[in-house]
Amino acid sequence: MVFRASRVAWTLAVIAMAAGMVQASVGDRLPEFRKCVRLCAQANCYDGAPSLPLYLRLTGWTCERNCDYDCQLVITEERVARGASVEQFHGKWPFQRVLGMQEPASVLFSLMNFWPHYRAFGRLGNTLQEGSERTGYYMKAYYLGMTYVGMNAWFWSSVFHFRDFVVTERLDYFSAAATVLYGFFFACVRTFRLDRPSHAGARHALAALCLAALTAHVGYLSLVHFSYTYNMAANVAVGVLHNVLWVVHGVRAYWFDKKSKGAYWALWPIYLVLTISVGMSLELFDFPPILGAVDAHSLWHLVTVLPSFYWYRWVELDAASEGGAKRREE
């Protein structure tokens, strides 16, 4: 969760910086592209014209959208042949479609990111059993909560990259916001030990605050105005607080907590936060897709897979350090 929430916040920042190009990228303004789309629609999109293949219709492609896609590839090939640059269309690179998928590499890597959360869901559900003296049973709900929001976020990420519609974009963004807020909530619970029964009031108040913030965030973007800039600012602000909390927790756990003092795994949350800054360079140095499929954004998805496994390994070690949790002072 530390990794996913931080990654979401930074990625949304990059998306927001490019948001102004979404409706009018350089490729969209090319006269040859517009002419291609117009002629294709005139030749193919009329009553009685042959239908698109079934797999394209099932994945939401229309004749007009298919013309747009075909012309992106045609114009790009022509530009490359004469030594011109590859340009973006509608804020995206011209990817080679696979079985109707717009961004096949990002879909694959999103599903790969889904796996660590799904795997952890089963492992934590089995190991954190009531009555165990080895694991922190009373943190179980919060540990499992991470797997729920993680699976949800990566599912909608794969759907969004499969087919970019307004609804899939919103579900991806809103799931990302839920991940960031839950990451902040969990960091507060773990850092300040709000899981203790004596802190139930503070824990419930924080949960209500985070839920209200998410509801207001989604409501504003859905019903008032969808602003990429505001969405970015809100997620980055919470993400920065989330990162600071994990740095504080890691330092305190390694040097002062008697249960994990001197244990290198206690510093893992800090390492994962730092990994975000390094991996972020993939988003900043964007480039046209290799083989029409692998771009910087898809590689960024790939980079997050292994750290997610380490994150849940940290969770297991953290739970184990909470041995005797039922005797914890209230």
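Mentor: Please keep in mind that this is a predicted model, and that a search of the whole structure finds nine salt bridges.

Trainee: What makes the pair Arg82 and Glu32 a salt bridge?

Mentor: The side chains of Arg82 and Glu32 have N and O atoms 3.6 Å apart, and the cut-off is within 4 Å, so the pair qualifies as a salt bridge. Arg82 lies in the loop between helix 5 (63-81) and helix 6 (104-127), while Glu32 belongs to helix 3 (residues 31-44), so the pair ties together parts that are 50 residues apart in sequence.

Trainee: Why is Arg82 called exposed, and what is Glu32 called?

Mentor: Arg82 has a relative accessibility of 52%, and exposed means over 50%, so the word applies to Arg82. Glu32, with a relative accessible area of 27%, is partly exposed, because this value falls between the limits of 20% and 50%.

Trainee: How do you know that Arg170 and Glu169 form a salt bridge, and is Glu169 buried or exposed?

Mentor: Their side chains meet at 2.3 Å, N to O, and a salt bridge needs a distance within 4 Å, so the pair counts. Glu169 is at 10% relative accessibility, and buried means under 20%, so Glu169 is buried, whereas Arg170, at 22%, is partly exposed.

Trainee: Which residues are linked in a network of salt bridges?

Mentor: Lys92, Glu103 and Asp164 are linked in this way. Elsewhere, Arg79 forms a salt bridge with Glu87 at 3.8 Å between the closest N and O atoms, and Arg79 and Glu87 are both buried.

Trainee: How many residues does the largest nonpolar core have, and which helix gives the largest share?

Mentor: The largest nonpolar core has 36 residues, and those with the most contacts inside it include Leu124, Phe186 and Trp311. Helix 8 gives the largest share, seven residues, and a second, separate core of nine residues includes Leu30, Phe33, Cys40 and Ile75.

Methods: Residues are numbered from 1 along each chain as its sequence is written. This is a predicted model: local features need pLDDT of at least 70, side-chain atom pairs count only at pLDDT 80 or more; totals for chains, interfaces and linings use all residues. Side-chain values use heavy atoms; hydrogens and water are left out. Helices (H or I, at least four residues) and strands (E, at least two) are DSSP runs, numbered from the N terminus. Buried means under 20% relative accessible area, exposed over 50%, partly exposed in between (1.4 Å probe, protein chains only). A nonpolar core is a set of buried Ala, Val, Leu, Ile, Met, Phe, Trp, Tyr and Cys residues joined through side-chain atoms within 4.5 Å.
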